[in-house]
Amino acid sequence: MGRLARFIVAGGIGFVADAAALWLVLAIAPLGPFAARIISIGFALSVTWLINRHLTFSPSSRGVAQEGARYGGVGVATSLVNYLVYCAMLFALPMVPPLVALAVASLVAMALSFLGYSKLVFDR
């Protein structure tokens with residue numbers, strides 16, 4: 001149970017990093033919420049890899065490059081789910097603020113992320 005709690009903390013930090021990056025990109029760049037979200041996802045993925053590697057799961061027995069590639073693969077797959085939910089909400093409910101859609105999409109993708117990272121990346 002401790003690992004799940006640490007994963008939730010890491011995910012919370014990743015969510016804040018994602019939301020801050022999304023807000024910043026929307027504020028300073030001439031990008032809409034869809035393109036800005038791609039940038040924020042990449043930033044959040046980097047943040048959570050470092051946290052999950054050192055706090056949640058511990059480094060795997062693989063080298064950093066292989067572990068990072070596996071983490072990126074799982075991260076891209078779960079980020080696609082996250083992004084599709086985000087886009088679906090914004091298209092279906094155009095009055096929903098992007099940060100609300102981000103929160104809902106992040107919750108949907110969390111379970112998939114935990115399973116993927118624990119089984120395919122860190123072998124736990």
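Q: Which charged end sits over the ring of tyrosine 86?
A: In this predicted model, the charged end of arginine 37 sits over that ring, 5.0 Å from its centre. The term requires NZ of Lys or CZ of Arg within 6 Å of the ring centre and within 35 degrees of the ring normal.

Q: What are the ground rules here?
A: Local features need pLDDT of at least 70 and side-chain atom pairs count only at pLDDT 80 or more, while totals for chains, interfaces and linings use all residues. Residues are numbered from 1 along each chain as its sequence is written, and side-chain values use heavy atoms, with hydrogens and water left out.

Q: Moving on, how many aromatic pairs are there?
A: There are eleven aromatic pairs. Rings of Phe, Tyr and Trp (its six-membered ring) pair if their centres lie within 6.5 Å; planes under 30 degrees apart are stacked, over 60 edge-to-face, and the rest tilted.

Q: Why is the pair of tryptophan 49 and tyrosine 71 tilted?
A: The planes of these rings stand at 40 degrees, so the pair counts as tilted; the centres are 6.4 Å apart.

Q: And phenylalanine 57 with phenylalanine 122: why is that pair stacked?
A: Their planes are at 10 degrees, so the pair is stacked, with ring centres 4.8 Å apart.

Q: Is phenylalanine 57 buried or exposed?
A: Phenylalanine 57 is buried, at a relative accessible area of 1%. Buried means under 20% relative accessible area, exposed over 50% and partly exposed in between (1.4 Å probe, protein chains only). Phenylalanine 122 is buried at 0%, and tyrosine 71 is buried at 2%.

Q: Which residues do ring pairs link into a cluster?
A: The cluster contains Phe7, Trp49, Phe57, Tyr71, Phe114, Tyr117 and Phe122.
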